[in-house]
Amino acid sequence: WAQTKDGFIDYRRELNDQKKALQISNEASQKLVHQWRSEEQAIVVGTNTALLDNPQLTVRMINGKNPLRIAIDRSLRIPKHYHLLDKSTPTLILTEKEMESEINLEYVQVDFNIPIVPQLLHELHKRNIRSLLVEGGERLLSGFIQGGFWDEANVFISTNKIEDGVRAPILIEQPISTEDVSGDQLLKYRNL
């Protein structure tokens with residue numbers, strides 16, 4: 001994820017806000033993220049990120065293969081005209097609803113009364129998908145972190161501050177390396 005110097009990953013936004021997502025990382029960092037996307041088998045976001053940002057979750061800033069796009073959308077709130085439902089590249093939607101799958105748009109029914117991350121990982125294991133990039137918001141990221149369901153975290157820290165917003169997840173581990181990416185600081189963590 002990317003966070004401001006004072007520890008926020010976005011402004012506080014509501015679904016009907018006209019506020020766009022906070023652009024935290026610089027272009028060099030964004031290009032690196034697209035490189036990482038091209039190297040992973042799948043990428044996931046939660047419902048709020050899908051609704052607020054309308055992300056494409058594709059590789060665009062470099063040449064490379066798109067990962068399987070995954071969205072967690074309990075009650076199918078993502079509008080049909082959003083990028084994730086455009087069928088341009090294989091996409092998986094985890095939902096509690098029973099839905100007919102289409103070409104490049106598959107729905108998988110899961111139980112939202114129990115933790116979702118283990119169910120997602122089980123579904124990926126069944127499909128022989130061994131790598132997943134989590135680009136969700138605070139709640140989804142924290143679900144992976146608190147459950148210990150992560151191998152590495154790459155955190156960009158910019159020089160800007162916003163003083164209030166959505167707090168970045170907290171890692172208790174110390175970074176194994178730090179790197180300057182055109183002014184952004186990139187901290188790399190490992191879950192040992």
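Is Thr 89 buried or exposed? At 7% relative accessibility, Thr 89 counts as buried. The close-up views below come from a predicted model.

**View 1. Thr 89 sits in a loop between two strands.** Residue burial is judged by relative accessible area, and the cut-off for buried is under 20%. Thr 89 has 7%, so it counts as buried. Leaving aside neighbours within four places in sequence, Thr 89 is in contact with Thr 58, Asn 66, Arg 69 and Asn 104.

**View 2. Lys 87 has a positive phi.** Lys 87 is not a glycine, yet its phi is near 60°. Lys 87 lies in the loop between strand 4 and strand 5. Its relative accessible area is 36%, so Lys 87 is partly exposed.

**View 3. Leu 57 also has a positive phi without being a glycine.** The phi of Leu 57 is about 55°. Leu 57 is found in the loop between helix 2 (47-53) and strand 4. With a relative accessible area of 2%, Leu 57 is buried. Leu 57 is one of the residues that Ile 70 touches.

**View 4. The largest nonpolar core has 17 residues.** Ile 70 and Leu 120 have the most contacts inside this core. Two or more residues each come from strand 3 (42-45), strand 4 (68-72), strand 5 (91-95), helix 3 (116-126) and helix 4 (138-146). Helix 3 gives the largest share, four residues. A second, separate core has 14 residues, among them Ala 50, Leu 51, Leu 105 and Leu 133.

**View 5. Ile 70 and the residues it touches.** Residues up to four places away in sequence are not counted here. From Ala 42 to Val 45, the contacts of Ile 70 are Ala 42, Ile 43, Val 44 and Val 45. Ile 70 also touches Leu 57, Leu 92, Leu 94, Leu 120, Leu 124 and Leu 132.

**View 6. Helix 4 has buried residues.** Leu 140, Leu 141, Ser 142, Phe 144 and Ile 145 are buried in this helix. Their cover includes strand 3, strand 4, helix 3 and strand 7 (132-134). Gly 148 follows helix 4. The phi of Gly 148 is positive, near 75°.

**View 7. Trp 36 and Phe 156 form a stacked aromatic pair.** A search of the whole structure finds one aromatic pair. The rings of Trp 36 and Phe 156 are 5.7 Å apart, centre to centre, with 25° between the planes. Trp 36 lies in helix 1 (residues 27-39) and Phe 156 in strand 8, so the pair ties together parts that are 120 residues apart in sequence. Both partners are buried: Trp 36 has a relative accessible area of 13%, and Phe 156 has 3%.

**View 8. The second largest pocket has a volume of about 160 Å³.** Its lining includes Trp 1, Gln 3 and Gly 7. Val 155 and Ile 157 also line the pocket, as do Arg 167, Ala 168, Pro 169, Ile 170 and Leu 171. Leu 187 and Tyr 189 belong to the lining too. Strand 8 (152-157) and strand 11 (184-190) each supply at least two lining residues. By type, the lining divides into nine nonpolar residues, two polar and one charged.

Note on methods. Residues are numbered from 1 along each chain as its sequence is written. This is a predicted model: local features need pLDDT of at least 70, side-chain atom pairs count only at pLDDT 80 or more; totals for chains, interfaces and linings use all residues. Side-chain values use heavy atoms; hydrogens and water are left out. On a 1 Å grid over the protein atoms alone, a cavity is a set of points where a 1.4 Å probe fits but cannot get out, and a pocket is an open set with protein on both sides within 12 Å along at least five of seven lines; lining residues have an atom within 4 Å of a point. Grid points are joined across faces, edges and corners, and a volume is the space filled by probe spheres set on the points. Ala, Val, Leu, Ile, Met, Phe, Trp, Tyr, Cys and Pro count as nonpolar, Asp, Glu, Lys and Arg as charged, and the others, Gly among them, as polar. A nonpolar core is a set of buried Ala, Val, Leu, Ile, Met, Phe, Trp, Tyr and Cys residues joined through side-chain atoms within 4.5 Å. Buried means under 20% relative accessible area, exposed over 50%, partly exposed in between (1.4 Å probe, protein chains only). Contact means heavy atoms within 4.5 Å. Rings of Phe, Tyr and Trp (its six-membered ring) pair if their centres lie within 6.5 Å; planes under 30 degrees apart count as stacked, over 60 as edge-to-face and the rest as tilted.
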